[in-house]
Amino acid sequence: MPGEWKLRVATTEEDILKVMVVRGIVFIEEQQVDWEGEIDEFEKTATHFLGEVGGQPVATGRLRHLEDGWVKVERIAVRPRWRGRGFAKEIVAFMLDHAVKKGAKNFKMHAQVYLEDFYGEFGFRREGGVFSECGIDHILMIREDR
């Protein structure tokens with residue numbers, strides 16, 4: 001593997017640019033999500049996470065604290081050529097650990113349907129049926145008081 005895998009909270013302008021590059025590759029280019037559906041009004045208030053290998057941005061995700069006390073897990077993405085190496089599991093675990101250390105107990109997410117079992121490994125369970133978000137089938141998943 002070229003370089004060391006590093007995970008961190010994205011704090012600088014360069015970090016946020018790298019986050020957006022990963023999301024652009026995965027969501028806008030690969031999954032054909034419109035720009036307006038991907039970039040939203042929560043970018044400046046969300047906590048963004050960045051995974052890099054040798055300084056190259058390869059994975060990202062974000063957390064949002066909702067008004068009802070829940071934390072929403074969003075925008076988990078790994079660039080295609082870096083998949084299958086466990087980076088998605090590591091970034092999700094890192095994000096959840098970060099939130100728990102700050103007092104979070106209840107999490108929700110809109111997961112793409114095919115990822116139900118993946119998020120189930122982190123204690124999330126499906127709530128309700130399938131719905132479309134940005135033209136992609138999703139399900140609501142929640143994790144409470146762990």
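**Reading the fold, core and pocket of a predicted model**

Residues 24 or more positions apart account for 60% of the contacts in the chain with a separation of 6 or more. The model is a predicted one.

Me: Before going into detail, how many helices and strands are there in the chain, and in which order do the elements run?
Reply: The chain holds 4 helices and 7 strands, and from the N terminus on the order of its elements is β-α-α-β-β-β-α-β-α-β-β.

Me: Which residues have the most contacts inside the largest nonpolar core?
Reply: That core has 28 residues, and those with the most contacts inside it are Val-73, Val-92, Phe-107, Tyr-119 and Phe-124. At least two of its residues come from each of strand 2 (47-53), strand 3 (56-65), strand 4 (71-78), helix 3 (87-101), strand 5 (107-112), helix 4 (116-120) and strand 7 (136-143), while helix 3 gives the most, with 6 residues. A second, separate core of 6 residues includes Val-22, Val-26, Val-33 and Ile-136.

Me: Which residues does Val-92 touch, once residues up to four places away in sequence are not counted?
Reply: On that count, Val-92 touches Ile-76, Phe-118, Tyr-119 and Phe-122.

Me: Is Lys-18 buried or exposed?
Reply: The way to decide is to compare the relative accessible area with the cut-off, since buried means under 20%. Lys-18 has a relative accessible area of 15%, and therefore it is buried. Lys-18 is found in helix 1, and, leaving aside neighbours within four places in sequence, Lys-18 is in contact with Leu-50, Glu-52, Gly-55 and Pro-57.

Me: Where is Ile-25 placed, and which residues does Ile-25 touch?
Reply: Ile-25 is in helix 1 (residues 13-30), where it is partly exposed, with a relative accessible area of 31%. Not counting residues up to four places away in sequence, Ile-25 touches Glu-30, Arg-79 and Pro-80. Ile-25 and Val-78 are 53 residues apart in sequence and 9.1 Å apart in space, C-alpha to C-alpha.

Me: How should I read the largest pocket, and which residues lie nearest its centre?
Reply: Rolling a probe the size of a water molecule over the atoms shows where empty space is left. Here about 770 Å³ of space lies in the largest pocket, which is lined by 39 residues, with Phe-27, Ile-76, Gln-112, Leu-115 and Tyr-119 nearest its centre. The lining divides into 19 nonpolar, 7 polar and 13 charged residues, and its largest share, 7 residues, comes from strand 4.

Me: What is phi of Arg-75, and what is phi of Cys-134?
Reply: For Arg-75, phi is near 55°, a positive value in a residue other than glycine, and for Cys-134 phi is also near 55°, again a positive value in a residue other than glycine. Arg-75 is placed in strand 4 and counts as buried at 17% relative accessibility. Cys-134 is found in the loop between strand 6 (125-133) and strand 7, and is partly exposed, with a relative accessible area of 41%.

Methods: Residues numbered from 1 in each chain as written. Predicted model: local features only at pLDDT ≥ 70, side-chain atom pairs only at ≥ 80, totals over all residues. Heavy atoms only, no water. Core = buried A, V, L, I, M, F, W, Y, C linked by side-chain atoms within 4.5 Å. Buried < 20%, exposed > 50% of the residue type's maximum accessible area, 1.4 Å probe, protein only. Contact = heavy atoms within 4.5 Å. 1 Å grid on protein atoms, 1.4 Å probe; cavity = no way out; pocket = protein on both sides within 12 Å on 5 of 7 lines; lining within 4 Å. Points joined across faces, edges and corners; volume = space filled by probe spheres on them. Nonpolar A, V, L, I, M, F, W, Y, C, P; charged D, E, K, R; others polar.
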